Amino acid sequence: MGHARVGTMPDGRAIDVRSVSLTYAGRPPVHALDGVEIEVARGEFAALLGPSGCGKSTLLRILADLVRPTSGEARADSVAYMPQRDLLLPWRRVLGNAVFAAELAGTPPDEAKRRARALLSRFGLEGFEQAWPAQLSGGMRQRLALLRTFLAPRETLLLDEPFGALDAITRRQMQRWLQDVLALEPRTVLLVTHDVEEALNLADTIYVMSPRPGRVVARIPVALGRPRDAATVTSPEFVALKARLLAALDDDGTSGLAGS
Amino acid sequence: MIRALSILRRATRNYAPAVSLLLVLLGVWESAVRISDVAPYLVPAPSRVARAFLEVRGTLPGHLRTTAAEAALGLALSAVLGAGCAALLAWSTPLRRAAYPLLVISQNIPLVVVAPLLVVWFGFGMLPKVLVVTLMGFFPIVVATTDGLLRADHDLVELAHSYGAKRSQVLRSVLIPSALPAFFAGLQISAAYAVLGAVIAEWVGASSGLGLFITRSQTAFRVDRVFVAVTVIAALSIASFAAVHLAARLAMPWQHAGQGGAQEEVGR
């Protein structure tokens, strides 16, 4: 049986995944993950890029201590997990949803509310603290779910396709916005996505995963300056990295680890 | 002012069809009785029922109060017991498997059999009536609330756990709010039957109440007074149904936050 341990790690790493494999019992058994190795330094923004069903989300769930790996070891700093669905509580107003995670993690209610109010405008929710989630647009719901994640007193954010349900234009705006927010409120981030440009817009390091069973087939550092704007997207470096990522995705992982 | 007008207009639109149909039916009834000249102790005309209403306006309120109190107490008791049992049944699968068949059986024991027994055991006071109402109202609430608790979004529960939520926190902040709509749906059904339950119980033996009023009127061949009681019972049932509806709205304000309207309110 593998381990998923949450706690502060001594050596400047926020996430440390060592040969993690996961097989779901059944007939036939499903191999979801196969010997995954990932290492994220504190303060780093890492992206897991791979096709749908490659086990990216499963890896986040292991790090959030919701699933145990079959073998291997996954260790992480205290993590705040944001699933694919925004999972707002319909019966709480915006402010109540914002403090939900903090409240469960033991932050005193007044303190949590004060911090939430201070961040509302940064998350584009000013003037909406008394609104119900059903009254928000898709982008606002997603920003509120992110605010909830940020307010949890945790060092590392595990984001599972946070902008997956948004249209391309809104998604691009949200990516720019997330860069700004992280500049202001630094966190370690592990982002799951199947969008090559999203990974390149946001990450310091990109892990490319193969289709099931998920393996890391490439670790590609992204040495692009920040903030990454429209000019970055058309730069030769960006295009070259994109070509490399697409090649790694097409490659299926048969050639083993590339880059690094 | 404009708001009051729009509420009035909405009320007219919602209730005018029902009220008109009722008036038409009463008119048909009145003329049918007058034309056929049927004996008033068989079928009284609405006008005669109205006269009977004036005759009993001194004694009726006391009976009404008794029945209303029994219905309200019984309904409250079934809400508390029903929600509590639902929590237990949702919490433990073995318990649910064991108790569910018994619950269904309990619902199939005819009230006309149980009510006299309860009167024998607990006397002619309010207690046996309250218990009959509780027995009737308990079942819809348990079934609906258990279902509501079991249907709570599993991902939400998991999210709460990922932030270190304790069992009691999950119950309070996720499970109970998720089950509220189902609980109120059950309570609404129970409310519609609560008055009926109290009247049936009074039928068997009582010192006060609309059921007693009906038995007395029947033995005196005062069918017009029976109809008075029926009208009052109907009004009481509608009132309790409406009260639960209002309580549901107050308890679940998010359910009525429309996209457009509330956006405005937020800006204000």
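Is the crossing of α7(B) and α8(B) left-handed or right-handed? The crossing is right-handed, where right-handed means that the near helix is turned clockwise from the far one by less than a right angle, and left-handed that it is turned anticlockwise. The model is predicted: local features need pLDDT of at least 70, side-chain atom pairs count only at pLDDT 80 or more, and totals for chains, interfaces and linings use all residues. Residues are numbered from 1 along each chain as its sequence is written, while chains are lettered from A and ligands numbered from 1 in the order in which they are written.

**Chain A overall**
- Chain A has nine helices and eleven strands, taken as DSSP runs numbered from the N terminus (helices H or I, at least four residues; strands E, at least two).
- The radius of gyration of chain A is 18 Å, which agrees with the value near 18 Å for a compact globule of 260 residues; the radius is taken over C-alpha atoms, and the globule rule is 2.2 Å times the number of residues to the power 0.38.
- The C-alpha trace of chain A spans about 55 × 45 × 40 Å along its principal axes.
- Of its 260 residues, 45% count as buried (20 or more other C-beta atoms within 10 Å of the residue's own, with C-beta atoms placed from the backbone).
- Of the contacts in chain A between residues at least 6 apart in sequence, 73% join residues at least 24 apart; a contact means C-beta atoms, placed from the backbone, within 7 Å.

**Helices α7 and α8 of chain B**
- The axes of α7 (residues 154-162) and α8 (residues 167-204) of chain B come within 10 Å and cross at roughly 135 degrees (axes are lines fitted to C-alpha atoms over the stretch in contact; angles run from 0 to 180 degrees between N-to-C directions).
- B:L156, B:V157 and B:A160 of α7(B) meet B:Q169, B:V170, B:S173 and B:V174 of α8(B).
- The residues of this contact of α7(B) with α8(B) are five nonpolar, two polar and no charged (nonpolar: Ala, Val, Leu, Ile, Met, Phe, Trp, Tyr, Cys and Pro; charged: Asp, Glu, Lys and Arg; polar: the others, Gly among them).

**Contact between the chains**
- In chain B, 19 residues are in contact with 20 residues of chain A.
- α7(B) gives the largest share of the side of chain B that touches chain A, six residues.
- That side of chain B has eleven nonpolar, six polar and two charged residues.

**B:E202**
- B:E202 lies in helix α8 of chain B and is buried, with 29 other C-beta atoms within 10 Å.
- The C-alpha atoms of B:E202 and B:K129 are separated by 6.7 Å, although the residues are 73 apart along the chain.

Key: Contact = placed C-beta atoms within 7 Å. Buried ≥ 20, exposed ≤ 12 C-beta atoms within 10 Å, placed from the backbone.
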